[in-house]
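The stops below are meant to be selected in turn.

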Amino acid sequence: MAHYTPKHASWLNQVEIFFSLLARAVLRHGDFSSRADLLEKVTDFTIVHNATARPFRWNYEGRPRQTGHESTATAKEPCHAR
């Protein structure tokens, strides 16, 4: 039986966030002398990230995030209100 995982699944978002952090911190402007050097830097980043990681505060309610310019009353409406 096939199982469909929606693109907004929380575990997938967490994986994308981790790879974004990895790309910005290590890969984007990295200078690697060898494949082993690349693996060492990725491993070092992962160890530090895991040691300092904190829980991510989710705010997904089925609609886009509110900005400071929008009414706070609108932001506090229940998800099912239209």
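Of the 82 residues of the chain, what percentage count as buried? The figure is 7%, where buried means under 20% relative accessible area, exposed over 50% and partly exposed in between (1.4 Å probe, protein chains only).

This is a predicted model, in which local features need pLDDT of at least 70 and side-chain atom pairs count only at pLDDT 80 or more, while totals for chains, interfaces and linings use all residues. Residues are numbered from 1 along each chain as its sequence is written, and side-chain values use heavy atoms, with hydrogens and water left out.

**Whole chain**

Start with a cartoon view. The chain has three helices and zero strands, in the order α-α-α from the N terminus. Helices (H or I, at least four residues) and strands (E, at least two) are DSSP runs, numbered from the N terminus.

Next, colour by pLDDT, the predictor's confidence in each residue, from 0 to 100. The chain has a mean of 77, and 57% of its residues reach 70 or more. Among the elements, H2 has the highest mean pLDDT (95) and helix H3 (residues 72-75) the lowest (50).

Switch to a surface. The chain exposes about 7600 Å², of which carbon and sulfur atoms supply 57%; accessible areas come from the Shrake-Rupley method with a 1.4 Å probe, and for residues only the protein chains shown count as cover. For contacts (heavy atoms within 4.5 Å), consider the pairs at least 6 apart in sequence: 29% of these join residues at least 24 apart.

Select Trp11, Val15 and Phe19. These residues form a nonpolar patch on the surface, with about 330 Å² of accessible area together. Patches are made of residues with over 30% relative accessible area and no salt bridge; like charges are joined within 9 Å, and nonpolar side chains (Val, Leu, Ile, Met, Phe, Trp, Tyr) within 5 Å. Valine 15 lies in helix H1 (residues 10-27) and is partly exposed, at a relative accessible area of 36%.

**The aromatic cluster**

Ring pairs link Phe18, Phe19 and Phe45 into a cluster. Rings of Phe, Tyr and Trp (its six-membered ring) pair if their centres lie within 6.5 Å; planes under 30 degrees apart count as stacked, over 60 as edge-to-face and the rest as tilted. By this rule there are two aromatic pairs. Phenylalanine 18 and phenylalanine 19 have ring centres 5.8 Å apart and planes at 65°, so this pair is edge-to-face. The pair of phenylalanine 18 and phenylalanine 45 is tilted, with 5.9 Å centre to centre and 45° between the planes. Phenylalanine 18 belongs to helix H1 and phenylalanine 45 to helix H2, so the pair ties together parts that are 27 residues apart in sequence.

Centre on phenylalanine 45. Is this residue buried or exposed? Phenylalanine 45 counts as buried, at 17% relative accessibility. Leaving aside neighbours within four places in sequence, its contacts are Phe18, Leu21, Leu22, Ala25 and Val26. To leucine 22, 23 residues away along the chain, the C-alpha separation is 7.3 Å.

**Valine 26**

Move to valine 26, which lies in helix H1 and is buried at 12% relative accessibility. Beyond its neighbours within four places in sequence, valine 26 is in contact with Phe32, Lys41, Val42 and Phe45. Two C-alpha distances can be drawn from here. Leucine 38, twelve residues apart along the chain, is at 8.8 Å; aspartate 44, 18 residues apart in sequence, is at 9.8 Å. Aspartate 44 sits in helix H2 and is partly exposed, with 41% relative accessibility.

**The salt bridge**

Finally, select aspartate 37 and lysine 41. Their side chains meet in a salt bridge (3.5 Å, N to O), and the structure holds one such bridge. The term covers a side-chain nitrogen of Lys or Arg within 4 Å of a carboxyl oxygen of Asp or Glu. Why are the two partners about one helical turn apart? Aspartate 37 and lysine 41 are separated by about one helical turn because they are four residues apart in helix H2 (residues 35-52). Aspartate 37 is buried, with a relative accessible area of 15%, whereas lysine 41 is partly exposed, with 33%. Not counting residues up to four places away in sequence, aspartate 37 touches Asp31 and Phe32.
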